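Hi,

Here is the structure I promised to pass on. Have a look at it, and then read my notes below.

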Amino acid sequence: MPLTKEQKGEEITFVTEKLGNNPTVYLTDYKGLDVAAMNALRDRFRASGVEYRVVKNTLLRRAMEEVGGYEPLFDHLHGPTALALSTEPSAAARVIKEFHKNSVSTLPELKVAYIDGAIFAGDQIDTLAKLKSREELLGEVVALLLSPASTVVSAIQAPGSTFVGLLKALQEKETS
């Protein structure tokens, strides 16, 4: 049953809002997935904080035009398209790779990924899945920032008794 003009407008508004709130967009081809596999896939996406939604290409294109900056993706809006949205750049790729591992199917197939303005082709899913999460990157930055400070503190504390001993020895030498 075709969508009414009002339903199409609501869908465009909804997708526009989602595109504006999520810097990571994956376009996938899901053609060939049965209902059970699609539901299992959606559950995995949901558990990883990724929203997965089948969208008509024309409506998705109009939403992307409203938001702006998605023009490079227009060439990939053909055939069945499902949209995976998240704030985490590698979450969708990890879910897709894990799904492929546990399934005989190679679906869903990544058409293209758009992450903070960078475009990744479908064959780069391994690279995308290996990206570190923001929390992991922030943890590494904090560790790097704290590393010199902890090194200085430990250097001061560890040989502190030796340093104090040296000062006492020098003081005793001067007094004698």
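What share of the 176 residues of the chain counts as buried? The figure is 32%. Keep in mind that this is a predicted model.

**The overall picture**

There are seven helices and five strands in the chain. Taking the contacts with a separation of 6 or more, 79% are between residues 24 or more positions apart. As for the surface, the accessible area of the chain is about 11,000 Å², and carbon and sulfur atoms hold 58% of that.

**Two helix pairs**

I looked at two pairs of packed helices. As a reminder, such a pair is described by the angle between the axes and the distance between them.

Start with helix α1 (residues 5–21) and helix α3 (residues 57–67). Their axes come within 8 Å and cross at roughly 50°. That angle makes α1 oblique to α3, and the crossing is right-handed. On the α1 side, the contact is made by K8, E11, I12, V15, T16, L19 and G20. On the α3 side you will find L59, L60, R62, A63, M64, E66 and V67. Sorted by class, the residues of this contact are eight nonpolar, two polar and four charged.

The other pair is helix α2 (residues 35–47) with helix α4 (residues 91–101). Here the axes come within 10 Å, and the crossing angle is roughly 140°. α2 is therefore oblique to α4. The α2 and α4 crossing is right-handed. From α2, the residues taking part are A37, A40, L41, R44 and F45, and they meet A92, V95, I96, E98 and F99 of α4. The contact of α2 with α4 has eight nonpolar residues, two charged ones and no polar ones.

Which residues does V15 touch, leaving aside its neighbours within four places in sequence? They are V55, L60, A63 and L83. Between V15 and L60 there are 45 positions in sequence, yet the C-alpha to C-alpha distance is 7.0 Å.

Then there is S90, in the loop between β3 (82–86) and α4. Its relative accessibility is 0%, so S90 counts as buried. If you set aside residues up to four places away in sequence, S90 is in contact with Y26, L128, A129, L131 and K132.

**Two backbone details**

Most residues other than glycine have a negative phi, and most peptide bonds are trans. Two spots in this chain go the other way.

P108 belongs to the loop between α4 and β4 (109–115).

The other is D116. This residue is not a glycine, but its phi is positive, at about 45°. Where is D116 in the chain? It lies in the loop between β4 and β5 (118–121). Is D116 buried or exposed? D116 is exposed, because its relative accessible area is 51% and the cut-off for exposed is over 50%.

That's everything from me for now. Happy browsing!

Terms used: Residues are numbered from 1 along each chain as its sequence is written. This is a predicted model: local features need pLDDT of at least 70, side-chain atom pairs count only at pLDDT 80 or more; totals for chains, interfaces and linings use all residues. Side-chain values use heavy atoms; hydrogens and water are left out. Axes are lines fitted to C-alpha atoms, for helices over the stretch in contact, and angles run from 0 to 180 degrees between N-to-C directions. Helices (H or I, at least four residues) and strands (E, at least two) are DSSP runs, numbered from the N terminus. Angles under 35 degrees count as roughly parallel, over 145 as roughly antiparallel, 65 to 115 as roughly perpendicular and the rest as oblique. A crossing is left-handed if the near helix is turned anticlockwise from the far one by less than a right angle, and right-handed if clockwise. Contact means heavy atoms within 4.5 Å. Ala, Val, Leu, Ile, Met, Phe, Trp, Tyr, Cys and Pro count as nonpolar, Asp, Glu, Lys and Arg as charged, and the others, Gly among them, as polar. Buried means under 20% relative accessible area, exposed over 50%, partly exposed in between (1.4 Å probe, protein chains only). Accessible areas come from the Shrake-Rupley method with a 1.4 Å probe; for residues, only the protein chains shown count as cover.
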